[in-house]
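Subject: Structure for you to look at

Hello,

Here is the structure I said I would pass on. Please open it next to this message and follow along.

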Amino acid sequence: MANVGQLVAAFRDMIANKSLSTDELEDLIRDGITAALAKIYGASVQAEIEIDEEKGDILITVLKRVVDEVHDPASEISLEEARWDDPGYQVGDLMEIPVEFSDFGRNAVMAAKQRIIQRVREGERQRIREEYSNRTGELLAGEVQAIERGKVILMLSKNKEAEAAIPWKEQNPRERFRQGDPIRAVLKKVEETPKGPRLILSRADPGFVAALFKLEVPEVYQGIVEIKEIAREVGGRTKIAVASRDDSIDPVGACVGLKGSRVQAVVSELGGERIDIVPWHPDPEVFARRSLAPARVAKVISDPARQVITAIVDEDQLSLAIGKNGQNVRLASQLVGWQIDLYGSREWLERGAEAVLFGGGSSEATYEVADFSLRELELQPATLAALEAAGYTTFFDIIDLEREDLLRVPGIGPDEADRVLQIIDELTVEEGEAAEALQAGRAPATAAPASPPTLSGESGADAASAVAGHPERAEDAPEGEAAPGESGASASAEVVAATGDVGELPAQVPEETRP
């Protein structure tokens with residue numbers, strides 16, 4: 001076997017690029033030789049194959065059982081034929097027949113080659129399944145290899161053997177790629193085909209935006225800032241709701257970055273798609289108010305049974321709340337997960353609503369009349385715990401309490417009671433004062449300020465119900481811009497996404513004003 005050493009070396013070179021271990025290589029050689037022996041002797045052939053790594057030698061021995069009458073020539077040999085080699089053989093003995101490589105004909109060599117190639121491919125496919133089956137939602141990078149009938153075929157940077165593609169429906173219609181372009185996309189699923197596993201990637205999935213923020217924002221990568229919800233219309237606008245596990249870190253400011261640097265990097269990867277970042281809140285009413293930004297919402301009314309939120313805005317805010325072709329309210333609805341019915345102040349008043357909900361024609365001051373959790377107030381933790389233990393969980397629960405009522409609550413002392421009453425006075429608008437302020441064309445001085453504007457978005461409610469009787473407004477409403485006086489991370493992100501100008505953005509994002 002003068003050429004056996006060269007054969008083993010050739011096997012090593014061939015397998016070097018396949019990331020196979022020594023044991024896998026030896027198993028592969030044995031399987032290939034067994035296939036060649038099956039071509040010579042038969043499918044049921046039994047053989048011992050020993051591979052000497054040090055000498056680079058392969059010893060092949062075919063085993064046959066000695067019998068009186070042969071039924072399977074591949075594994076049996078007659079007693080008479082066995083005694084030609086050694087007269088001492090008896091029935092039932094196992095005869096060992098050494099085999100040289102020179103005994104292999106062309107057909108046997110081809111069978112060994114095909115078996116080895118098949119095993120190598122099966123190993124590659126299995127490794128791809130194991131590597132990527134649990135990586136759904138992860139960002140992958142590669143290079144465009146070809147574009148076939150709108151489908152982008154790419155070669156991954158870290159695994160050139162994996163077959164990866166971005167179908168047409170998973171692409172951004174505004175983007176165009178050429179062969180050789182670098183590309184990043186999120187893994188959506190691993191699809192089984194007759195040729196093996198195929199990686200289906202996506203640049204249109206909302207998870208692509210989440211993966212980009214995870215790449216650009218260390219706080220998201222470390223899990224300090226969590227992306228709670230995402231609503232996206234590919235190529236147009238994306239709304240994301242974020243929350244922080246650390247009270248000292250502003251989640252919106254962390255995602256925007258210094259002068260908008262972090263969100264701008266994501267916007268650039270998305271081809272200029274607008275991104276609205278809003279702080280998440282567990283209360284659907286508060287969350288809906290924030291999600292409709294940059295429009296300022298005067299009042300929200302929720303119907304938990306139907307999961308419908310009715311939002312009322314001033315007339316000068318209506319087009320901003322609707323957004324271009326109803327995009328803002330639609331994305332806000334998707335973000336909250338509830339249907340949002342939007343009304344202007346004029347239509348709401350025609351339905352018999354109270355006029356004091358709106359600040360007349362002024363767009364500079366609004367005030368909040370909706371109920372909200374006590375956790376939104378600046379109360380000491382001990383005071384908050386005592387009120388909640390007594391069954392007071394919202395502002396409307398305590399708004400009519402007197403000082404004596406508060407002192408009867410276990411854990412509430414005179415100082416705590418005075419502080420609670422002070423907060424109630426600051427947030428309570430007397431009816432006479434409200435009417436006087438409206439006649440004077442201004443908002444009451446004691447009114448709680450509305451939630452600051454963030455960015456824009458909408459959701460799963462259909463256009464007719466989401467715009468609530470304003471189809472003409474949904475079609476004609478211009479793309480909303482941040483209203484005068486806006487501040488905060490959401491306004492910064494809106495400017496970055498819309499204009500790409502990060503020079504004038506604030507270095508730090510102020511915290512959201514609490515009611």
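Does Val70 count as buried, exposed or partly exposed? The model is a predicted one, and in it Val70 has a relative accessibility of 34%, so Val70 counts as partly exposed. That value lies between the cut-offs, since buried means under 20% and exposed means over 50%. You will find Val70 in the loop that links strand E2 (57–67) and strand E3 (76–78). Apart from neighbours within four places in sequence, Val70 is in contact with Glu76, Ile77 and Ser78.

The whole protein

The protein has 515 residues, and 46% of them count as buried. Its secondary structure comes to 20 helices and 15 strands. Take the contacts between residues at least 6 apart in sequence: 65% of these join residues at least 24 apart.

The barrel

Five strands make a closed barrel, in the order E5-E6-E7-E9-E8, and the pairing is mixed. From one strand to the next the twist averages 50°. Helix H5 (residues 206–216) packs on this sheet and touches E5, E8 and strand E9 (196–202). The direction of H5 makes about 130° with that of E8.

As background, strands of a sheet pair through backbone hydrogen bonds, and the pairing is either parallel or antiparallel.

Start with strand E5 (residues 139–148), which pairs with E6 in the antiparallel sense over 6 bridges. One of the residue pairs to look for is Glu148 with its bridge partner Lys151 in E6. E5 and E6 form a hairpin with 2 residues between them. In that turn, Arg149 has a positive phi of about 50°.

E5 also pairs with strand E8 (residues 182–193), again in the antiparallel sense, over 5 bridges. Here Leu140 has Ala185 in E8 as its bridge partner, and Gly142 stands opposite Ile183 in E8.

Next, E6 pairs with strand E7 (residues 163–166) in the antiparallel sense over 3 bridges. Leu154 has Ala164 in E7 as its bridge partner. E6 and E7 form a hairpin too, with 6 residues between them.

Helix H2 (residues 22–41) has 20 residues, which at 1.5 Å a residue should span 28 Å; the end C-alpha atoms are 28 Å apart, so the two values agree. Its buried residues are Leu25, Glu26, Leu28, Ile29, Asp31, Gly32, Ile33, Ala35, Ala36 and Leu37. Just after H2 comes Gly42, with a positive phi of about 135°.

Helix H16 (residues 414–427) has 14 residues and reaches 20 Å from its first C-alpha to its last, close to the 20 Å expected. Ala417, Val420, Ile423, Ile424 and Leu427 are the buried residues of H16. Why do the buried residues of H16 line one face of the helix? Seen down the axis, they fall within an arc of 125°, so they line one face. The buried residues of H16 pack against helix H13 (381–389), helix H14 (395–398) and helix H15 (403–407). On the face turned away from the buried side, H16 carries the exposed residues Asp415 and Asp425.

The last place is a pair of helices. Two packed helices are described by the angle between their axes and the distance between the axes. Helix H9 (residues 284–291) and helix H11 (residues 327–336) pack at an angle of about 145°, with their axes 9 Å apart. The crossing of H9 and H11 is right-handed. Where they meet, H9 contributes Pro284, Phe287, Ala288 and Ser291, and H11 contributes Ala332, Leu335 and Val336.

Regards

How values were computed: Residues are numbered from 1 along each chain as its sequence is written. This is a predicted model: local features need pLDDT of at least 70, side-chain atom pairs count only at pLDDT 80 or more; totals for chains, interfaces and linings use all residues. Side-chain values use heavy atoms; hydrogens and water are left out. Helices (H or I, at least four residues) and strands (E, at least two) are DSSP runs, numbered from the N terminus. The expected span of a helix is 1.5 Å times one less than its number of residues. Buried means under 20% relative accessible area, exposed over 50%, partly exposed in between (1.4 Å probe, protein chains only). The arc is that of the directions from the helix axis to the C-beta atoms. Contact means heavy atoms within 4.5 Å. Two strands pair if DSSP finds at least two bridges between them. Axes are lines fitted to C-alpha atoms, for helices over the stretch in contact, and angles run from 0 to 180 degrees between N-to-C directions. A crossing is left-handed if the near helix is turned anticlockwise from the far one by less than a right angle, and right-handed if clockwise.
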